[in-house]
Amino acid sequence: MNSKLHAVCDGQGRPVRLHLTAGQVSDFKGADVLLTDLPEGTEEVIGDRGYDSNRIRRYLVEQNITACIPPRKNRKSKPSYNWHLYKKRHLIENMFAKLKDWRRVATRCDRCAHTFMSAIHIAASFIFYLKE
């Protein structure tokens, strides 16, 4: 099984939204699903270069959400972003690391996507409620 997990975490690094796509699917497809279902009161979205697109930026501006996404290297007009805010992206990376502490999630030993996603949800629930 080749799949890619897209996630949204809160300001404390706890998972709040999870979405699984096929591994060969662009990051934009996962972002479309997660951005339309952002938690109420979201003020800023921090993403990596994979989420740099005019459509995503436009959607966030329409929702009055600050987009902190560095531009891709090959982009002609490079929009600015807040580097100090971008440093908070380690929270999502730490959340993924905690998910991978669960052997079943890290090794992706489940054949079916729905079974794999169930294991991710169980691990995410523990991470959310037992946040140190």
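The buried residues of helix α1 pack against strand β1 (3–9), strand β2 (15–22) and helix α2 (54–62), where contact means heavy atoms within 4.5 Å. This is a predicted model, in which local features need pLDDT of at least 70 and side-chain atom pairs count only at pLDDT 80 or more, while totals for chains, interfaces and linings use all residues. Residues are numbered from 1 along each chain as its sequence is written, and side-chain values use heavy atoms, with hydrogens and water left out.

Helix α1 spans residues 27–35, and its buried members are D27, G30, A31, L34 and L35. They lie on the same side of α1, because they cover an arc of only 125° around the axis. The arc is taken from the directions that run from the helix axis to the C-beta atoms. An α-helix has 3.6 residues a turn, so residues three or four places apart point the same way. Buried here means under 20% relative accessible area, exposed means over 50%, and partly exposed lies in between (1.4 Å probe, protein chains only). Helices (H or I, at least four residues) and strands (E, at least two) are DSSP runs, numbered from the N terminus.

T21 sits in strand β2 and is buried, with a relative accessible area of 10%. Its side chain makes a polar contact with the side chain of H6 at 3.1 Å. Such a contact is a pair of N or O atoms within 3.5 Å; within protein, one must be able to donate a hydrogen and the other to accept it, and residues adjacent in sequence count only if both atoms are side-chain atoms.

Another buried residue, S53, has 10% relative accessibility and is placed in the loop between β3 (44–46) and α2. The side chain of S53 reaches the backbone nitrogen of I56 at 3.1 Å. Beyond neighbours within four places in sequence, S53 is in contact with F28 and R75.

Two loop residues other than glycine have a positive phi. For N64, in the loop between α2 and β4 (66–68), phi is about 60°; N64 is exposed, with a relative accessible area of 68%. For R108, in the loop between α5 (103–107) and α6, phi is near 50°; R108 counts as partly exposed at 33% relative accessibility.
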